[in-house]
Amino acid sequence: MEHVIALHQVYGELIFRGLKYHEIRKKPIFKEGDTIFLYIARGNLNILRRTLKKLGLNEDQALTKRGSIVGGFEVGDVIKADFETLWELTKDSSGLAFVHGEEEGKKWLKDYIKEYGYAFTVEKPFLFQEPLTREKMKELYDVHVEGIIHLSTKSRQAWVKALFEDLMTREIRFI
């Protein structure tokens with residue numbers, strides 16, 4: 001199955017730079033082998049700038065653009081775990097410790113998943129040669145996309161089916 005999910009730009013940057021290879025969610029919404037397309041949504045610009053600076057980069061060197069579906073990845077292993085186990089397994093691979101520091105990253109995870117959560121392994125990340133912007137989505141599908149989204153090929157809506165057809169035929173480059 002294919003999905004489009006929203007992700008903060010800082011985490012998209014880490015995925016496409018090979019520094020984030022676990023995506024954490026509260027629920028098991030993905031299965032091994034699913035393709036995830038990433039809509040780069042909101043996020044704190046100061047956190048993005050600080051993270052890029054840690055990498056020796058600036059905003060002009062970002063691989064992603066807000067308000068666009070920029071690429072994606074294939075889901076590998078799916079791990080269900082309690083909070084402590086999930087933190088130990090993913091603190092260095094989810095981007096949380098890198099972006100927020102260990103203490104704040106751990107607090108964020110606890111606030112987000114509470115007791116149990118899921119880590120989805122990021123495999124075969126790819127970027128589109130030409131990202132699909134929200135302006136282009138408005139033009140093509142007459143839909144305004146902003147912020148938090150989750151779409152899947154389960155949808156019966158014609159515009160969603162057309163969007164996935166478009167995404168599946170775009171030129172990509174594997175990272």
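Start by selecting Phe-37, Phe-126, Phe-128, Phe-164 and Phe-174: ring pairs join these residues into a cluster. Keep in mind as you look around that this is a predicted model. By the pairing rule used here, the count of aromatic pairs comes to eight.

Next, zoom in on Phe-37 and Phe-128. Their ring centres are 5.9 Å apart and the planes meet at 15 degrees, so this pair is stacked; the cut-off for stacking is under 30 degrees. Now show the cartoon and see where the two partners come from. Phe-37 belongs to strand S3 (residues 35–41), while Phe-128 belongs to strand S5 (residues 116–133).

How are the rings of Phe-126 and Phe-128 arranged? They are edge-to-face, 5.8 Å from centre to centre and with 65 degrees between the planes.

Are Phe-37 and Phe-128 buried or exposed? Both are buried, and Phe-128 has a relative accessible area of 4%. Phe-126 counts as buried too, because its relative accessibility of 6% falls under the 20% cut-off.

Select Lys-54 and Phe-98: the charged end of Lys-54 sits over the Phe-98 ring, 4.9 Å from the ring's centre. Then move to Lys-80 and Tyr-116. There, the charged end of Lys-80 sits over the Tyr-116 ring, at 5.4 Å from its centre.

Definitions and conventions
Residues are numbered from 1 along each chain as its sequence is written. This is a predicted model: local features need pLDDT of at least 70, side-chain atom pairs count only at pLDDT 80 or more; totals for chains, interfaces and linings use all residues. Side-chain values use heavy atoms; hydrogens and water are left out. Rings of Phe, Tyr and Trp (its six-membered ring) pair if their centres lie within 6.5 Å; planes under 30 degrees apart count as stacked, over 60 as edge-to-face and the rest as tilted. Helices (H or I, at least four residues) and strands (E, at least two) are DSSP runs, numbered from the N terminus. Buried means under 20% relative accessible area, exposed over 50%, partly exposed in between (1.4 Å probe, protein chains only). A charge sits over a ring if NZ of Lys or CZ of Arg is within 6 Å of the ring centre and within 35 degrees of the ring normal.
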